[in-house]
Structures are given as structure tokens and as C-alpha cells.
Amino acid sequence: MFNKFQSITLLSVSLLSASITTAAHASNNPADNHSDLSVLLQDSLNGVLAAEAEQRYIIEFLDNTEETLLPTGSSRKTKKFNEAAARSAVAEVKGKALKVIHKHNIVVAKLTQKAMKALLKQGDIKRISIDHKRELMAQSTPYGYKMVEADRLVQSDTSAGKVCVIDTGINRGHSDLPDTNSGLTGNSNNTQVGNWYNDGHGHGTHVAGTISALDNNIGVVGVYPGVSLHVVKIFNDQGAWTYASDLIDAVEQCKQAGANVVNMSLGGSYSSAAERDAMQSFNNDGMLLVAAAGNAGTSAKSYPASYDAVISVAAVKADGNRASYSQYNNKVELAAPGTSVLSTYPVDRYATMSGTSMATPHVSGAAALLWSFYPQCSNAEIRQALTVTAADKGSTGRDNYYGYGIVKTKRAYDYLAYQSCAANNSSEPEPEPEPDEPTSGVTELVENLSLNKRGWIWKTWTIPANTQKIIFRTEGGSGDADLYVRFNKAPTLSNYDCRSVNGGNVEECIINAPATGKWVVGLRSHSSFNGVTLTYTNQ
């Protein structure tokens with residue numbers, strides 16, 4: 001965390017970010033208690049250091065005039081760049097020539113400020129300028145974008161959802177973020193924190209970029225590129241802590257702005273009954289609340305993440321393993337990329353940051369992206385889809401380190417294709433063709449099924465009225481596939497009508513007098529499996 005609590009009797013909230021690395025850092029002003037003399041001495045020292053520091057310069061030389069005697073006795077004057085003389089001039093002021101661009105009369109050299117001024121006094125110098133860096137103007141893909149499967153879904157409707165970012169504000173006008181003409185709104189929680197569209201800290205801008213950085217061929221790309229944002233600035237430009245009551249007010253402002261997902265990359269060590277009840281109220285109103293689990297690397301609980309109404313997010317590294325700083329407890333629900341995450345940063349820059357603060361917007365962005373395709377789903381159904389399809393890590397099923405696992409947006413999208421809330425959505429993926437009216441004695445085979453460890457494959461069959469028995473069997477191949485069957489909805493590890501979890505791939509579920517309608521079969525890879533055959537029989 002950036003800040004500590006001043007008193008254990010105060011309920012306060014701090015940012016949850018472990019570290020930051022940027023390409024450029026702002027210089028610190030002299031402390032207020034410095035004397036005038038110390039300031040002058042420091043300024044003098046800084047001046048000496050600046051004069052002695054080497055900088056890379058482009059030195060442009062004037063042409064040298066050379067006179068050539070012709071056979072006729074006359075002479076001809078020509079202008080010519082004398083490379084040897086130019087190199088010698090640089091050496092005389094103790095500079096280091098790096099390269100020569102002969103056609104342009106240029107010597108590139110490293111010079112101190114003192115050397116540069118001395119060189120300027122020579123008569124054959126046209127101009128000296130700093131050799132500024134140039135960088136590729138191409139968009140890079142943060143590793144988290146692919147880890148949460150955001151690259152496998154394209155949503156062109158950026159107004160199909162709205163994410164509220166409660167943080168340090170945002171760098172409005174950043175070339176890689178939505179602006180006020182494309183869905184960006186905001187407000188300050190109170191007058192003390194400053195304008196919501198100025199982020200003097202950087203945390204909020206970084207979080208916003210992970211959620212919504214534009215897919216525009218520059219910088220980075222967010223989980224839901226360009227999604228509408230509402231920003232509530234609750235921390236000042238120093239990232240100083242705030243109170244639980246301020247957080248309640250901030251979420252209310254998110255609600256009034258029409259946000260359906262709320263990102264809270266923040267937290268504190270003590271719970272509040274008022275805050276808990278308020279979060280539950282927002283959840284009951286249909287909002288999806290997401291918060292950082294904390295960065296202490298212990299089993300301590302952080303709030304609001306540890307309230308039942310809030311999704312608590314742990315952090316993993318690029319290899320998918322838990323980050324050592326990430327807090328672990330029985331309230332952790334999902335995990336997401338949090339270590340060395342590249343995102344937007346003030347002013348129109350990019351930075352790498354680490355913390356559960358960085359993991360949280362991956363989940364918020366994934367939730368908003370998923371919900372944009374299935375707007376008829378409730379917040380509870382979106383939340384369930386994210387948890388049951390998460391890539392299981394650690395102990396089988398939910399555990400204290402990863403929760404249900406790493407969020408996987410495309411898996412959740414596919415899962416909702418089998419849910420009743422997705423039935424009338426024209427944008428949903430179509431399940432595999434189903435038989436119109438299977439009759440008694442029908443047997444169907446689905447062959448050569450394969451899956452990596454701890455994933456899911458779902459298949460559906462429509463069972464007609466008066467069916468006496470249905471049988472689902474798996475066999476063949478290698479590895480270990482478990483069989484789950486459920487009426488009308490996709491089965492999960494904890495919700496099913498029948499399951500078979502023997503070692504290997506020989507599994508069977510028999511349903512007597514099955515209900516008429518859709519039955520969903522789920523194959524879960526206890527370990528990776530290949531070449532498995534699924535058989536459906538209707539009797």
C-alpha cells in the first residue's frame with residue numbers, strides 16, 4: 001500500500017499498489033524547512049552536475065572553402081566538409097564523436113554542457129542541438145490482455161457498458177484513453193482532492209488504461225478498449241488515504257452516473273458495518289463491485305474487497321503464478337495479472353506498475369466486456385459466469401490464493417451461451433447443432449475431444465417428452481476427463497444433476513425419467529486429456 005493508517009480508531013482507505021516503474025520521474029522540490037543558504041548551495045551543486053553531465057548532441061558544421069589552382073593559372077573555390085577537422089574540433093573540447101553523417105556535415109557526439117558552449121564559439125559551427133530519442137509509435141499488447149482472453153472478443157459498441165473508476169482521477173486528454181466526446185465523465189468526491197480530470201499521482205490513469213485503453217495502434221490496449229468510463233476522484237495527488245464514508249459516497253456517484261461495474265483498486269484493514277450494508281445495497285441494485293484483495297502478502301482481509309457483495313481480486317505474475325505480495329484468504333474470489341503491468345500514465349505517458357490494484361481492473365474490464373454481450377443477465381449471473389469459468393489454479397476448486405482461478409473472458413462468454421439469460425441475445429455464439437426431436441434408441445458420438453488441464457467443454461442435447469432414460473458415457477484417449485450433467489444450465493463443480501469423476505476417461509451418467517428440454521453435458525479436464533469419445537444414448 002502507498003499509505004499507512006494514522007490511527008487504529010479511524011476507518012480509512014488507501015491505494016493498493018505495490019510498486020511503479022516509469023520512463024521518467026519528476027524531480028523533488030527542496031523541503032520547506034531548508035534555509036535560503038542551503039537552497040542556494042543545492043542549486044549551485046545542481047548547476048555543476050548539469051555542466052559535467054554528458055549529453056548526446058547533433059553538431060552541424062559549415063562547409064570549408066578550398067581553393068584549387070587550375071592548369072590555366074586561374075583558381076577555383078569549392079566548399080567541402082572536412083571530416084578530419086570536424087572530429088578534431090570535437091576532440092579539442094574533450095567530446096566523444098560517435099558517428100559522422102558526411103552528406104549533411106554532421107558529427108554526432110557526447111559533450112558536457114561546458115564543452116558544448118566552447119564548441120559553439122568556433123567559427124565553423126552552424127548549429128548544435130540535442131540528439132533527442134525517438135521511439136516506435138506502435139501499440140504493444142500487455143500480457144494481461146491475452147491472459148484474461150480479452151483478445152478473443154471484439155466489442156465495437158463502447159457504450160454497451162460503463163465502468164466507474166474510483167481512484168486518483170484520470171489524465172484527461174491522454175491520447176490512448178477515452179475522452180469527454182467518447183463516453184468519459186467524472187466528478188471529484190470532495191473539493192480537497194482536486195479536479196477529477198487531473199491525476200497528479202498516476203494510479204487512477206494506470207487503472208483506467210488497463211480497463212479501456214484504445215485499440216488505436218499506439219501505446220497499449222485495454223481489456224474493453226474505449227469502454228465508457230466514469231471517474232470519481234477520491235484520493236488527492238499524493239494518493240493520501242480517505243475514509244469509508246467517502247467510498248460509500250463515491251459508489252453512489254458511480255450509480256448516479258449509470259455505471260454497472262465499479263473498480264476499487266483500494267482498501268483498508270478494518271471493516272465497517274455501514275460500508276458493508278451500503279455495498280450490499282449497491283449489489284442489490286444490480287451493480288457489480290470489484291476490489292483489490294491487498295498487497296501485504298498475508299492472510300489479512302482488506303475492505304471493501306472482503307465483503308460478500310464485492311469480488312475480491314488477487315494478483316498473479318506473467319507466468320500465471322501467485323504474486324508474493326498478494327493477500328490470501330477465504331474471501332478471494334478471482335485472480336488476474338498484477339505484476340509489471342504496462343498501462344497509461346500522466347502526462348500522455350506509459351508506466352509499469354505492480355499490485356492487486358493492477359489485477360482489479362483486469363476483472364472489471366472483463367466483467368464489463370462480458371456483460372456488454374449479455375445485457376439481459378443480472379450482475380449475479382455475470383459474476384457466476386466469471387467464477388465458474390476461471391482457470392483453476394492452486395488447489396482444485398476455490399482456494400485462498402487464487403479464489404476460483406484466473407479470469408477468462410471468452411470462457412465466460414461461451415458459458416453464458418448455455419444460460420437462460422442468453423437465450424434471446426442475437427450476438428451470442430451458437431451451440432453446436434442439436435437434433436430436432438431425438439427418438440427412442442438414438443445414439444450419438446462426439447469424438448476426438450481434447451482439452452488442457454482444468455478447462456471445460458460443454459455439449460447440449462434436447463430431450464423430448466416421455467423419454468425413459470438418457471445415458472452419457474466417455475471413454476478412450478489419454479488423460480483424465482470428468483463428466484458433469486445438468487438440466488437447462490451448464491454444470492459446474494458444485495452445481496450438477498449427475499457427475500462421474502473416476503480416474504481416467506471412463507465415466508458414465510444415467511438419468512432416469514429425464515425432464516423434457518435442454519440437458520447440458522460438461523467435460524472437465526482434471527488433467528489434460530486427448531482423443532476422448534462422448535456417447536449420448538436416448539432410450
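Keep in mind as you read that the model is predicted.

Let's start with the cysteines. The structure has two disulfides. One of them pairs C164 with C254, and the two sulfur atoms sit 2.0 Å apart. If you trace the chain to find these partners, you will meet C164 in strand β9 (residues 162-167) and C254 in helix α6 (residues 244-256), so this link ties together parts that are 90 residues apart in sequence. The torsion about the S-S bond is -60 degrees, and the link of C164 and C254 is left-handed. Both cysteines, C164 and C254, are buried.

Now move along to the disulfide that joins C498 to C509, with an S to S distance of 2.2 Å. Because the torsion about the S-S bond of C498 and C509 is about -100 degrees, this disulfide is left-handed. Here the partners are eleven residues apart, with C498 in strand β24 (residues 498-500) and C509 in strand β25 (residues 507-512). How accessible is C498, and is it buried or exposed? Its relative accessibility is 14%, so C498 counts as buried. For C509 the relative accessibility is 0%, and therefore C509 counts as buried.

In soluble globular proteins, nonpolar side chains tend to be buried together. The largest nonpolar core in this model has 63 residues, and the members that touch the most others are L229, L370, I382 and L416. Helix α8 (residues 356-373) gives this core its largest share, ten residues. Setting aside neighbours within four places in sequence, I382 is in contact with L288, A367, L370, W371, Y374, C377 and L416. Another core, of 26 residues, lies apart from this one, and its members include I166, L247, L266 and A291.

The axes of α5 and α8 come within 8 Å and cross at roughly 35 degrees, and the crossing is right-handed. Which residues meet where α5 passes α8? On the α5 side you will find H203, H206, V207, T210 and I211, while α8 brings S357, M358, P361, H362, S364 and G365. Sorted by class, this contact of α5 with α8 holds seven polar and four nonpolar residues, with no charged ones.

Terms used
Residues are numbered from 1 along each chain as its sequence is written. This is a predicted model: local features need pLDDT of at least 70, side-chain atom pairs count only at pLDDT 80 or more; totals for chains, interfaces and linings use all residues. Side-chain values use heavy atoms; hydrogens and water are left out. A disulfide is a pair of cysteine sulfur atoms within 2.5 Å. Helices (H or I, at least four residues) and strands (E, at least two) are DSSP runs, numbered from the N terminus. Buried means under 20% relative accessible area, exposed over 50%, partly exposed in between (1.4 Å probe, protein chains only). A nonpolar core is a set of buried Ala, Val, Leu, Ile, Met, Phe, Trp, Tyr and Cys residues joined through side-chain atoms within 4.5 Å. Contact means heavy atoms within 4.5 Å. Axes are lines fitted to C-alpha atoms, for helices over the stretch in contact, and angles run from 0 to 180 degrees between N-to-C directions. A crossing is left-handed if the near helix is turned anticlockwise from the far one by less than a right angle, and right-handed if clockwise. Ala, Val, Leu, Ile, Met, Phe, Trp, Tyr, Cys and Pro count as nonpolar, Asp, Glu, Lys and Arg as charged, and the others, Gly among them, as polar.
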